[in-house]
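I wanted to look up a few loop residues, then the helix contacts and the cores.

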Number of protein chains: 2
Amino acid sequence: MPELRKDPIVGRWVIISVERGKRPSDFASPSQKRKAAGFCPFCPGNEYTTPEEIMAFRAPDSQPNSTGWTLRVVPNKFPALHVQGELNKSGEGIFDKMNGVGAHEVIIETPDHISSLATMPPRAVEDVLRAYHMRIADLKKDPRIKYVLVFKNEGEAAGASLEHTHSQLIALPIIPKIVREELNSSRLYYDMKERCIFCDLVAQELEDERRVVCENEHYLAIAPFAPRGPFETWILPKEHESAFRPRNGSFSLLAEILQRVLKQLDKLLDVPPYNFIIHTSHFTEESNEYYHWHIELMPKLTKIAGFEWGSGFYINPTPPEDAARYMREVHI
Amino acid sequence: MPELRKDPIVGRWVIISVERGKRPSDFASPSQKRKAAGFCPFCPGNEYTTPEEIMAFRAPDSQPNSTGWTLRVVPNKFPALHVQGELNKSGEGIFDKMNGVGAHEVIIETPDHISSLATMPPRAVEDVLRAYHMRIADLKKDPRIKYVLVFKNEGEAAGASLEHTHSQLIALPIIPKIVREELNSSRLYYDMKERCIFCDLVAQELEDERRVVCENEHYLAIAPFAPRGPFETWILPKEHESAFRPRNGSFSLLAEILQRVLKQLDKLLDVPPYNFIIHTSHFTEESNEYYHWHIELMPKLTKIAGFEWGSGFYINPTPPEDAARYMREVHI
């Protein structure tokens with residue numbers, strides 16, 4: 001008998017095929033190993049083909065928009081939102097709209113075209129996380145910006161249009177719906193219990209162990225209880241922390257667990273396409289007792305069909321208890 | 001400047017590229033024209049390969065599970081939910097779950113392997129809608145069932161695993177999240193205004209005209225104000241009607257407008273993959289003043305990437321005003 005499970009935070013129900021679960025080998029997703037064929041605008045020497053860099057980690061003697069960098073952040077060449085202009089909100093009968101003020105940036109994670117977040121040196125992963133944090137801190141100063149969404153599409157099937165490893169961020173004048181749902185729901189829980197729902201989740205998962213993928217001193221990776229798809233993985237700080245930030249001034253342990261999870265997935269699913277997104281607290285109450293930042297990561301293994309799209313209801317053929325066990329057992 | 005628009009019903013924000021919108025020819029989706037190669041379990045003569053039929057429209061002298069039918073409804077061979085068993089709800093710390101009681105059925109829309117909903121005779125489309133209605137009416141009698149979700153995945157890219165045209169339904173012991181959001185929000189609107197939000201929407205769209213795709217005496221097809229993707233189309237009854245049902249005892253006008261929309265999309269986008277889903281009122285208050293049933297249809301033209309998946313926030317490169325105009329101008 002399949003099982004219906006409810007995500008405790010956003011209240012989303014999923015169907016889990018508990019008795020005849022799909023194993024990693026049942027998913028035939030195209031391997032995202034990089035081939036490095038053709039011209040790449042993100043490779044060193046081609047800096048002139050991107051919009052001018054917003055920031056970079058580069059050798060002290062190098063010039064902006066030239067070689068000598070280890071990481072670059074540039075505006076998206078085809079931005080979903082524009083930086084210039086006043087934020088005008090208006091109505092049209094029952095409809096609400098505002099002009100598309102915001103930012104859309106690309107984090108070019110490494111000069112090496114063949115590397116991925118799973119294969120680059122740990123220090124480079126740390127730098128990527130540090131760049132996210134620096135960009136969020138900078139964009140937060142803009143009073144028009146209410147939220148910054150950091151995300152990564154890895155592989156064409158997951159929406160990446162360029163092979164060279166990169167992440168993106170979109171700075172928004174509104175709080176996105178799913179984040180708002182998480183905020184509202186965790187605030188409600190806090191009002192009832194005086195505890196953070198994510199802290200309770202971390203405690204329960206550590207006690208239960210079945211859905212634990214891996215952990216280190218500060219972070220925990222789990223297969224969530226009601227995952228939307230096979231091998232969905234969350235990474236959370238073990239101690240309460242509402243907004244994405246370094247721990248004791250460093251991102252090294254976060255980089256370690258993120259890379260470990262990615263290496264496990266690569267090994268298990270032959271370098272699958274995936275998406276991840278960072279959910280952090282909103283700027284207006286960034287430090288609070290009820291919300292707990294985290295990373296949600298989902299390999300792209302199944303097609304999202306009409307049922308999921310029109311219902312918010314997912315069918316997942318791999319129980320998270322199995323997924324976590326496969327992940328734990330893989331040798332990386 | 002792009003525009004941020006909010007869906008008035010579920011409060012979802014989307015980014016619309018209003019100034020450099022993508023035209024139909026900018027989308028290269030694989031044509032879903034049928035090829036009829038190989039063995040098909042849904043073709044006449046192969047009835048023995050499906051689970052036993054639940055209902056069928058067939059010649060009076062024909063036998064169940066044999067040829068002679070024009071439409072068959074069979075259980076899904078790999079059901080997401082099971083019909084047998086008691087509905088047990090239980091908790092596990094902060095988690096909630098129940099066993100997967102429900103139904104998962106397939107509506108084989110025609111014996112003709114090459115036909116689609118867009119190309120079959122209008123009377124056959126009417127029969128498909130009639131079959132949906134009959135199955136919902138039957139499943140409603142089961143006290144364990146709270147909702148029936150009718151949906152269609154057309155084409156492999158939209159999640160269809162078999163080419164022969166078919167729809168599906170999933171009968172659920174809970175109300176799916178998006179439907180619950182629509183119900184809650186339209187009830188709230190009704191409490192404030194004593195009017196149905198969908199009725200207000202229909203009136204505004206008919207007055208405005210820019211997003212009208214087509215209409216007939218009883219139904220309206222529109223490109224919604226805040227569509228999640230290019231050419232998303234909704235079909236609604238013009239007069240208030242909370243639950244999916246025939247109009248004056250007939251589905252002929254609904255079949256007419258649904259087929260017209262599908263023919264327009266096929267012509268404009270070269271037989272695109274698509275999903276549609278029927279949103280109807282919940283069984284516990286099926287006849288009410290605040291909710292208004294409708295069909296949501298989305299051609300599968302863009303990839304849903306991490307941003308959309310993790311935020312509930314969509315980027316749509318085709319303004320609905322353009323999409324509706326393209327649809328109106330196509331000759332079918």
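I looked up Asp270(B) and found it in the loop between α4 and β13 (274-279) of chain B; helices (H or I, at least four residues) and strands (E, at least two) are DSSP runs, numbered from the N terminus. Asp270(B) is not a glycine, yet its phi is positive, near 55 degrees. Asp270(B) has 16 other C-beta atoms within 10 Å and is therefore partly exposed. The cut-offs I used are 20 or more other C-beta atoms within 10 Å for buried, 12 or fewer for exposed, and partly exposed in between, with C-beta atoms placed from the backbone.

This is a predicted model, in which local features need pLDDT of at least 70, side-chain atom pairs count only at pLDDT 80 or more, and totals for chains, interfaces and linings use all residues. Residues are numbered from 1 along each chain as its sequence is written, and chains are lettered from A and ligands numbered from 1 in the order in which they are written.

Next I checked Phe231(A), which sits in the loop between β11 (219-222) and β12 (233-237) of chain A. Its phi is also positive, about 70 degrees, and Phe231(A) is not a glycine. Is Phe231(A) buried or exposed? Phe231(A) has 28 C-beta neighbours inside 10 Å, so it counts as buried.

I then turned to a helix pair in chain B. The axes of α1 (residues 122-139) and α4 (residues 252-269) of chain B come within 8 Å and cross at roughly 110 degrees; axes are lines fitted to C-alpha atoms, for helices over the stretch in contact, and angles run from 0 to 180 degrees between N-to-C directions. α1(B) is therefore roughly perpendicular to α4(B) (under 35 degrees is roughly parallel, over 145 roughly antiparallel, 65 to 115 roughly perpendicular, the rest oblique). In α1(B), the residues that meet α4(B) are Pro122(B), Val125(B), Glu126(B) and Leu129(B); contact requires C-beta atoms, placed from the backbone, within 7 Å.

Last, I looked at the cores, sets of buried Ala, Val, Leu, Ile, Met, Phe, Trp, Tyr and Cys residues joined through C-beta atoms within 7 Å. The largest nonpolar core has 93 residues, and Leu258(B) is among the members that touch the most others. α4(B) gives the most to this core, 9 residues. Leaving out residues up to four places away in sequence, Leu258(B) touches Val125(B), Ile235(B) and Ile295(B). I noted a second, separate core of 92 residues, including Ile107(A) and Trp309(B).

Methods. Contact = placed C-beta atoms within 7 Å.
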